[in-house]
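Biologist: Before we discuss any detail, could you put the sequence and the coordinates on the screen, so that we can go through the sheets and the charged pairs together?

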Amino acid sequence: MSTGQYLFRIVGLFICIGIIGCDSNRVYENNIEIAEGIWNKDSTLIFQIDIQDTIVEHNLSINIRNQGGYAYSNLFLFVKAISPLGSMIKDTVEITLAEKNGKWKGEGIGNIFHLRQLYRQAIRFPYAGLYTFEVQHAMREDNLEEIVDIGFRLEKINE
């Protein structure tokens, strides 16, 4: 192995360690791709999160990736949360994707924009076990175009 290859591998290793170390509070993150960027109103995205820590407070966020041609400045979602014991909470959530001047919020690369929106802050889960989150879009169109993927992120709050 040449010196350049060795140096490249060492630098890559430090970058990976840095990325992992900076995200130590993440408990769960999963993004589900919307096939061909067309989300049908009857299509339910399901996220299952195994919670074992009922003491620590968590933040729960929704990740959205949209294309620049998305027709609206916001996105309405129906979110259903089901506890391990079967109790259920339903929410309608509005996420603002663009400023009033039309500039997309979040980060963008090319024509794809990513926004992480806080959904629930400083929550404690009352029971250990598998929590299920079901998400559907609540827009007026049957087929919502240019939504690339939707995700959930759960992270511990720093003490």
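**Sheets and salt bridges**

Modeller: An open sheet of 4 strands, paired in the antiparallel sense, runs in the order β3-β9-β5-β6; strands are DSSP runs (E, at least two residues) numbered from the N terminus, and two strands pair if DSSP finds at least two bridges between them. This is a predicted model, in which local features need pLDDT of at least 70 and side-chain atom pairs count only at pLDDT 80 or more, while totals for chains, interfaces and linings use all residues. Residues are numbered from 1 along each chain as its sequence is written, and side-chain values use heavy atoms, with hydrogens and water left out.

Biologist: Over how many bridges do β3 and β9 pair, and which residue of β9 does Leu-45 stand opposite?

Modeller: The pairing of β3 with β9 is antiparallel and extends over 7 bridges. Within this pairing, the residue of β9 opposite Leu-45 is Val-135.

Biologist: Which residues make up the covered face of β3, and which the uncovered one?

Modeller: In a regular strand the side chains alternate between the two faces of the sheet. The uncovered face of β3 holds Ile-46, Gln-48 and Asp-50, whereas the covered face consists of Leu-45, Phe-47, Ile-49 and Ile-51.

Biologist: What is the strand order of the open sheet of 5 strands, and which are its edge strands?

Modeller: This sheet is also described by antiparallel pairing, and its order is β1-β11-β4-β8-β7. Pairing on one side only marks the edge strands, which are β1 (26–33) and β7 (107–109).

Biologist: How many bridges join β7 to β8, and which residue of β8 stands opposite Ile-109?

Modeller: Strand β8 (residues 112–123) runs antiparallel to β7, and the two are joined by 3 bridges. The residue in β8 that stands opposite Ile-109 is Ile-112.

Biologist: How many salt bridges does a search of the whole structure find, and which residues are linked in a network of them?

Modeller: A salt bridge requires a side-chain nitrogen of Lys or Arg within 4 Å of a carboxyl oxygen of Asp or Glu, and the search of the whole structure finds 9. One of them joins Glu-29 to Arg-26, with the closest N and O atoms 3.5 Å apart. The network itself links Arg-26, Glu-29, Arg-116, Arg-153 and Glu-155.

Biologist: How many residues apart are Lys-41 and Asp-142, which link distant parts of the chain?

Modeller: These two form a salt bridge whose closest N and O atoms are 3.4 Å apart. Lys-41 lies in the loop between β2 (38–40) and β3, Asp-142 lies in the loop between β9 (129–137) and β10 (143–145), and their separation is 101 residues.

Biologist: In the salt bridge of Arg-65 and Asp-149, is Asp-149 buried or exposed?

Modeller: The side chains of Arg-65 and Asp-149 meet at 3.3 Å, N to O, and because Arg-65 lies in β4 (residues 58–67) and Asp-149 in β11 (residues 147–156), the pair ties together parts that are 84 residues apart in sequence. Buried means under 20% relative accessible area, exposed over 50% and partly exposed in between, computed with a 1.4 Å probe on protein chains only. Arg-65 is partly exposed at 31%, whereas Asp-149, at 10%, is buried.
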